[in-house]
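I opened this notebook to keep a record of what I looked up in one protein structure. The sequence and the model come before my entries.

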Amino acid sequence: MKSGKTPAAGKLDENTLLLREGRKIVEALGQTFAPLVEVVLHDLTNPDHAIVAIANNLSGREPGDAVTEMGLARIADPAFPEVIANYANRFPDGRPAKSTSIGLKNSSGEYVAAICLNMDISMLAAAAASVQQLVNVPNQAPASVKETLSNRRLDDIAPLIAEFAAQRNTTPQALTLGQRREAIRLIEARGLLDLRHAHAEVARTLGVARSTVYTYLSDPKGAS
């Protein structure tokens, strides 16, 4: 027994099914990317009244409005690319947009519908500019100031002097007079000499009297 459906009627049913499924996709994508992404379903079989569903309306269009230039190009050419992603666009009020257009074909290879995503990048661009301003560091601290944001601790003094000595292939107690003065200036530059008992810790690490530390600081040419 032959089916009562004609080929034309079968194609219509398939097209209707594609549009029905397209509505679900538009609704889901709209909820996922709200409020920055407009999602539109176009019926390419009815270009004068192509828009059948729109989520997160950012362009001011309504269901029943005409197809866009991209849709007309698809209608005219079945070989037109099925997916065009991330191309520059613009909303009617001038806001920049990033758009993606996805064409849907039936089993005959004809374009039936298109799902288009239009992201409002104006707010994102402003946010990106604000972030760039926040991370921008146009100025430098004075060369004489080597600032760090770590906590200064008395326990940092001995390791710092030991590292200073190791870089010179010696020990803290074996540093020359000039090297000791240089090490103390390093400790001072790190702000560690401001700590309570810092001078005593420096003296202990270098193996000198506490008064000698003051001598190094007050008289760069002094000796012990």
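**Entry 1, ground rules.** I noted that this is a predicted model, in which local features need pLDDT of at least 70 and side-chain atom pairs count only at pLDDT 80 or more, while totals for chains, interfaces and linings use all residues. I count residues from 1 along each chain as its sequence is written, and side-chain values use heavy atoms, with hydrogens and water left out.

I found 7 helices and 5 strands in the protein chain, where helices (H or I, at least four residues) and strands (E, at least two) are DSSP runs numbered from the N terminus. Along the sequence I read the pattern α-β-β-α-β-β-β-α-α-α-α-α. Of the 224 residues, 32% count as buried, that is, under 20% relative accessible area with a 1.4 Å probe, protein chains only.

I looked up the strand order and found an open sheet of 5 strands, E2-E1-E5-E4-E3, with antiparallel pairing; two strands pair if DSSP finds at least two bridges between them. Strand E2 (51-55) and strand E3 (83-90) each have a single partner strand, so one side of each is left without a neighbour in the sheet. I then checked strand E4 (residues 96-105) and strand E5 (residues 111-120), which pair in the antiparallel sense over 9 bridges, and I saw that Gly103 has Ala114 in E5 as its bridge partner.

Which residues touch the most other members of the largest nonpolar core? Of its 19 residues, they are Ile157, Ile184, Ile187, Val202 and Leu206; a nonpolar core is a set of buried Ala, Val, Leu, Ile, Met, Phe, Trp, Tyr and Cys residues joined through side-chain atoms within 4.5 Å. The elements giving two or more residues to this core are helix H4 (157-166), helix H5 (177-189), helix H6 (198-206) and helix H7 (210-218), and the largest share, 5 residues, comes from H4. Apart from this core I noted another, of 12 residues, among them Val26, Val39, Ala53 and Ala113.

I placed Asp43 in strand E1 (residues 37-43). Asp43 is buried yet has no salt bridge, meaning a side-chain nitrogen of Lys or Arg within 4 Å of a carboxyl oxygen of Asp or Glu. The nearest side chain of opposite charge, Arg23, is 8.2 Å away; Lys and Arg count as positive and Asp and Glu as negative, with His and the chain ends not counted.

Note on methods. Buried means under 20% relative accessible area, exposed over 50%, partly exposed in between (1.4 Å probe, protein chains only).
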